[in-house]
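Visitor: I would like to go through this model and ask what stands behind each label. Please set the values against the cut-offs.

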Amino acid sequence: MPDPLDLRATVAARLAALDLSPYTAARQTAGAVTGEQLSRYVRGERDLTGTSLGAVLAALGLTVSEGRPKKVPKKTVPVS
């Protein structure tokens, strides 16, 4: 499982899990990205705008959300 903060790796892993090529997935974005753009994004050769990336994530059934806040450990006082 890729680092959830690495969207590029997450997209690549989801494409593999769904057995989709970037070209096939791009057709599901209603023209937001071309197959070539998505292929180059996955290979790390280009970036996508937020709108384009949002369309790709939606087409792949992925969402971005805020995770649960991490618990902050309580400060401890040394016992002497």
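Visitor: Why is Ala30 called exposed?
Guide: Ala30 has a relative accessible area of 78%. Exposed means over 50%, buried under 20%, and partly exposed in between, with a 1.4 Å probe and protein chains only. Ala30 is therefore exposed. This is a predicted model: local features need pLDDT of at least 70, side-chain atom pairs count only at pLDDT 80 or more, and totals for chains, interfaces and linings use all residues. Residues are numbered from 1 along each chain as its sequence is written, and side-chain values use heavy atoms, with hydrogens and water left out.

Visitor: What makes the phi of Ala30 worth a remark?
Guide: Its phi is positive, about 55 degrees, although Ala30 is not a glycine. Most residues other than glycine have a negative phi. Ala30 sits in the loop between α2 and α3. Helices here are DSSP runs of H or I with at least four residues, strands are runs of E with at least two, and numbering starts at the N terminus.

Visitor: What about Asp19, buried or exposed?
Guide: Asp19 has 71% relative accessibility, so it counts as exposed. Asp19 lies in the loop between α1 and α2. Its phi is also positive, about 55 degrees, and it is not a glycine.

Visitor: How many helices and strands does the chain have?
Guide: The chain has 4 helices and 0 strands. From the N terminus the order is α-α-α-α. Of its 80 residues, 24% count as buried.

Visitor: How do you know that the buried residues of α1 share a side?
Guide: The buried residues in α1 are Thr10, Val11 and Leu15. They cover an arc of only 135 degrees around the axis, so they are on the same side of α1. The arc is taken from the directions from the helix axis to the C-beta atoms. The face turned away from that buried side carries the exposed residues Ala16 and Ala17. The cover over the buried residues of α1 includes α2, α3 and α4. Contact means heavy atoms within 4.5 Å.

Visitor: Why do the buried residues of α3 line one face?
Guide: In α3, residues 35-42, the buried ones are Gly35, Leu38, Ser39 and Tyr41. Seen down the axis, they fall within an arc of 160 degrees, so they line one face of the helix. They pack against α1 (7-17), α2 (22-26) and α4 (50-59). Just after α3, Gly44 has a positive phi of about 85 degrees.

Visitor: What makes a set of residues a nonpolar core?
Guide: The members are buried Ala, Val, Leu, Ile, Met, Phe, Trp, Tyr and Cys residues, joined through side-chain atoms within 4.5 Å. The largest such core has 12 residues, among them Val11, Ala26, Leu38, Tyr41 and Leu57. α1, α2, α3 and α4 each give two or more residues to this core. The most come from α4, with 3 residues. Leaving aside neighbours within four places in sequence, Ala26 is in contact with Val33, Thr34, Gly35 and Leu38.

Visitor: Why is Arg8 said to lie over the face of Tyr41?
Guide: The distance from the ring centre is 4.4 Å. A charge sits over a ring if NZ of Lys or CZ of Arg is within 6 Å of the ring centre and within 35 degrees of the ring normal. Arg8 therefore counts as lying over the face of Tyr41.
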